[in-house]
Amino acid sequence: MSSGKRKRQEFTLIELLVVIAIISILASMLLPALKNARDVANAAHCLNNLKGFGQACGMYRSDYGCNLLVFQPWEPTASNGSWYANESIKSYLNVRRPTQANGAEITNKLDLWPNSWLCPKAAKKKPTDLPTPAPPDPVEDYYYIYTSYGMNFEGVNYLTDQGYQGVNRELLNPSSKINFIESNMWRLEKKRSNPVQYATYGETWWWDNGHTTFVRYPHQHGTNTLFYDGHASRTNSSEVYNNTDVWDLSQ
């Protein structure tokens, strides 16, 4: 062997530990940024869903000649009168029903919507008897839509009014009145807006937490809200909690 040939240098244990420490430090710096980027993307997805709701509601009001969002039994496509089962709203949003293995639509699961229409942070509840569609039908996950969003019923008796029966009443200040908001139940009122409820139960389905309904605040202590003029925006708990001005539809 030539005496001029350099001997190969190997890493020492200390050098390896230094490299590992540097990688760990860089990872600890990057992970919060990645989590924040994911949270921002989830919030944007959820907000876009509500913007779609706003466009559908606008078309619904135009087609049925009403000022408030109406789901009445006299409308043939209203099914049980709940917004999540309303076929007009679903058609505006191009929401497909879940299908059986043979491609036939499942008609008794009107509260199940494709996962793409749910808030990414929401609890995913799915019936065990829901079959998986077979190709060539698109394979989609279907869950309860009302674990993500709820309609504001403050000032409206949904039982006696059968939805919003005062269809020709002009809503004052529609740009500040809540139409839809993130929640764990399909309908809710002002008293359900206490952020302590969400802090206590987190992302749970209302049936799983002792039948407690509440507004969800999953996006960095904020919630996405659709207002009656059609615009959607992020709102803080302080803007929503116990605020009659944004909740009461009788004013």
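Is glutamine 220 buried, partly exposed or exposed? Glutamine 220 is partly exposed, because its relative accessible area is 48%; the classes are buried for under 20% relative accessible area, exposed for over 50% and partly exposed in between, with a 1.4 Å probe and protein chains only. The model is predicted, so local features need a pLDDT of at least 70 and side-chain atom pairs count only at pLDDT 80 or more, while totals for chains, interfaces and linings use all residues. Residues are numbered from 1 along each chain as its sequence is written, and side-chain values use heavy atoms, with hydrogens and water left out.

The protein has 5 helices and 7 strands. Helices (H or I, at least four residues) and strands (E, at least two) are DSSP runs, numbered from the N terminus. Along the sequence the pattern reads α-α-β-β-β-β-β-α-β-β-α-α. Of the 251 residues in the protein, 44% are buried. The protein exposes about 13600 Å², of which carbon and sulfur atoms supply 55%; accessible areas come from the Shrake-Rupley method with a 1.4 Å probe, and for residues only the protein chains shown count as cover. Among contacts between residues at least 6 apart in sequence, 69% join residues at least 24 apart, a contact being heavy atoms within 4.5 Å.

Five strands form an open sheet in the order 5-3-4-6-7, and their pairing is mixed. Two strands are taken to pair if DSSP finds at least two bridges between them. Strand 5 (187-188) and strand 7 (232-236) are the edge strands, each pairing on one side only.

Strand 6 (residues 222-227) pairs with strand 4 (residues 178-182) in the antiparallel sense over 3 bridges. Isoleucine 181 has threonine 225 of strand 6 as its bridge partner, and isoleucine 178 stands opposite phenylalanine 227 in strand 6. Strand 6 also pairs with strand 7 in the antiparallel sense, over 5 bridges. Here the bridge partner of leucine 226 is alanine 232 in strand 7. Strands 6 and 7 form a hairpin with 4 residues between them, and glycine 230 in the turn has a positive phi of about 105 degrees.

Strand 6 is mostly covered, with 6 of its 6 residues buried. Gly222, Asn224 and Leu226 point one way from the strand, Thr223, Thr225 and Phe227 point the other way, and all are buried.

The loop between helix 3 (195-201) and strand 6 contains glutamine 220, and histidine 221 is found in the loop between helix 3 and strand 6 as well. Most residues other than glycine have a negative phi. Glutamine 220, which is not a glycine, has a positive phi of about 50 degrees. Histidine 221 is not a glycine either, and its phi is positive at about 65 degrees. Histidine 221 counts as exposed because its relative accessible area is 67%.

The cores involve other parts of the chain. A nonpolar core is a set of buried Ala, Val, Leu, Ile, Met, Phe, Trp, Tyr and Cys residues joined through side-chain atoms within 4.5 Å. The largest one has 41 residues, of which Phe53, Trp83 and Trp113 touch the most other members. Helix 1, helix 2, strand 1 (112-114), strand 2 (142-144) and strand 3 (149-152) each supply at least two residues of this core. Helix 1 gives the largest share, 7 residues. Apart from this core lies another of 11 residues, among them Ile181, Leu188, Tyr217 and Val246.

Leaving out residues up to four places away in sequence, tryptophan 113 touches residues including Phe53, Trp83, Tyr84, Ile89, Leu93, Tyr142 and Ile145.

Alanine 85 lies in the loop between helix 1 (13-64) and helix 2 (87-93). With a relative accessible area of 0%, alanine 85 is buried. The C-alpha atoms of alanine 85 and isoleucine 145 are separated by 9.9 Å, although the two are 60 residues apart along the chain.

Helix 1 also holds valine 18, which is partly exposed because its relative accessibility is 43%. Ile14, Val18, Ile22, Ile25, Leu26 and Met29 form a nonpolar patch on the surface, with about 610 Å² of accessible area together. Patches are made of residues with over 30% relative accessible area and no salt bridge, with nonpolar side chains (Val, Leu, Ile, Met, Phe, Trp, Tyr) joined within 5 Å and like charges within 9 Å. A salt bridge is a side-chain nitrogen of Lys or Arg within 4 Å of a carboxyl oxygen of Asp or Glu.
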